[in-house]
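I opened this model to follow a few residues and strand pairings. My entries are below, in the order I looked things up.

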Amino acid sequence: MGNKFLEGNFAPVSREHTITELRVTGHIPEYLDGRYLRNGPNPLSEVDPATYHWFMGDGMVHGIRLRDGRAEWYRNRWVRNPRLSAELGEGWAGGAASMGANTNVIGHAGKTLALIEGGATNFELTEELDTVGPCDFDGTLPGGYTAHPKRDPETGELHAVSYFFGWGNKVQYSVIDAQGRARRKVDIEVTGSPMMHDFSLTEKYVVFYDLPVTFDTEQAVATSVPPFLRTPAQLVVSALVGKVKVPDPLSARLRQRISGNAGLPYRWNPDYPARIGVMPREGGNGDVRWFEIEPCYVFHPMNAYDDGDDIVLDIVRHPRMFATELLGPAEGPPTLDRWTVDLTVGKVVEERLDDQGQEFPRVDERLVGRPHRFGYSVSTKDGSASSGSLLKHDLWKRSVASREFGPGSQVGEFVFVPSSVDAGEDEGVLMGFVYDPATQKSDLTILDAGTLETVGAVHLPDRVPNGFHGNWDPAGEG
């Protein structure tokens, strides 16, 4: 049986590169001093196409170092864990750990962090992207993290919402300070055990997305428990999940047994209520207000902000997820929507901003939690493979501009980098990977954010497979 998430530019690359002579066309702006980093799944060994889920592939981080108008190096590295290290013939001194982090990569408190969600382990990397070992923020946040923290542009703190099926009917809100240690952890009660992929942050509030993609015990047990124990294990886990916390020793063992290159233990659950929760930043579980919405799924909000007594949420809305397509996101075109939470009346107004399929929304990171005018996303027909263009949204004018990259091109998530600290919201560049099927290679493409015209391109010796999230990590600020 075929699996589109193992074919074309979803297929993994087979080697790690260290390239210091990179061809550049156009030019690289002198103010770009740092690394563009991007994470994604890249199975090392052969996998079963009948069960492999795109979200579960071995992690591989790609990075390009830019300085003084030059591209100094390109590196791609698998995020090591015990199994991967053994397959690569290397030793492992990082202790017990689960699958390699494959979803996001950021710089924080002087460290490079490869991130994943769902209770699996996050990893610290070196400047050159080699794996240092598991990351628990100096012991202040054990037990897994998330792939989608949000950095407050004023304080430099990382806010996050993490989930794990072993926590029962709870998710955890946390704040990591600018020095890399957790200063706040709050358990939030939800309906059951949802896949809470992301969240939203405003200057006043934290917003939780409690939506109907929930933990599936049958799939989870199949991927983490020996066959002869699966029936009793499924009964036990079914009784516990979404109700009580799994005891810590069992919970730790389940984390370690989360296997890469397997199935995803989450499914669409039509009986689960769709709702969003709003909590003051310094509030607790008892302060959360819940609002019902139409059933749907949200992987990625674009941004959120306070507007008087309202909260504005710009999100990419999927009509459903993992209902019939169980190997990756492909349940119909996702749209850019705006949800306005009226805290006075106690309801959510839902409206469509753009009905063309799109994913991977981003804004100027200096405006996280603040009002924004521009947003950027990647066109897609089904929520997975790019359909070849980058979209620029002007939310003030309610208009959309598009930059096409040629027949068959695959466009990854693009990030905005301002030209200076005090540059305007649209003054700077957008950068991301673009795959050209004619050459079977990828470029780091740099666009003028105002015009979407190409400023420069760094040509890579190989392709970068379709993956997930990337970020610009300025030198001296990680």
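**Entry 1: Tyr-74**

I started with Tyr-74, which lies in strand β5 (residues 70-78). Strands here are DSSP runs of E, at least two residues long, and helices are runs of H or I, at least four, both numbered from the N terminus. I noted the ground rules next: this is a predicted model, local features need pLDDT of at least 70, side-chain atom pairs count only at pLDDT 80 or more, and totals for chains, interfaces and linings use all residues. Residues are numbered from 1 along each chain as its sequence is written, and side-chain values use heavy atoms, with hydrogens and water left out.

Is Tyr-74 buried or exposed? I found it buried, at a relative accessible area of 1%. Buried means under 20% relative accessible area, exposed over 50%, and partly exposed in between (1.4 Å probe, protein chains only).

I then listed what Tyr-74 touches, leaving out residues up to four places away in sequence. His-17, Thr-18, Ile-19 and Leu-22 are among them, as are His-62, Gly-63 and Ile-64. Contact means heavy atoms within 4.5 Å.

Which side chain makes a polar contact with the side chain of Tyr-74? I got His-62, at 2.8 Å. A polar contact is a pair of N or O atoms within 3.5 Å; within protein, one must be able to donate a hydrogen and the other to accept it, and residues adjacent in sequence count only if both atoms are side-chain atoms.

I also checked a C-alpha separation: Tyr-74 and Thr-20 are 54 residues apart along the chain, with 6.6 Å between their C-alpha atoms.

**Entry 2: salt bridges**

How many salt bridges does a search of the whole structure find? My search gave 29. A salt bridge is a side-chain nitrogen of Lys or Arg within 4 Å of a carboxyl oxygen of Asp or Glu.

I looked at Asp-314 and Arg-338, whose closest N and O atoms are 2.6 Å apart. The pair links distant parts of the chain, 24 residues apart: Asp-314 is in strand β21 (residues 310-317) and Arg-338 in strand β22 (residues 335-342). Both Asp-314 and Arg-338 are buried.

Next came Glu-331 and Arg-320, a salt bridge at 3.5 Å, N to O. Both sit in the loop between β21 and β22, eleven residues apart. Glu-331 counts as buried at 9% relative accessibility, whereas Arg-320 is partly exposed at 35%.

Arg-398 and Glu-351 also meet in a salt bridge, at 3.5 Å, N to O. They are 47 residues apart, Arg-398 in the loop between β26 (386-394) and β27 (399-404), Glu-351 in strand β23 (residues 347-354). Arg-398 is partly exposed at 45%, and Glu-351 is partly exposed at 30%. I noted one network too: salt bridges that share partners join Asp-152, Glu-203, Arg-281 and Arg-370.

**Entry 3: strand β32**

I ended on strand β32 (residues 454-459), where five of the six residues are buried. Strand β2 (residues 23-26) runs antiparallel to β32, joined by four bridges. Two strands pair if DSSP finds at least two bridges between them. Val-24 stands opposite Val-458 in β32.

Strand β31 (residues 441-448) pairs with β32 over five bridges, also antiparallel. Thr-445 has Ala-457 in β32 as its bridge partner. β31 and β32 form a hairpin with five residues between them. In that turn, I found Leu-452 with a positive phi of about 65°.
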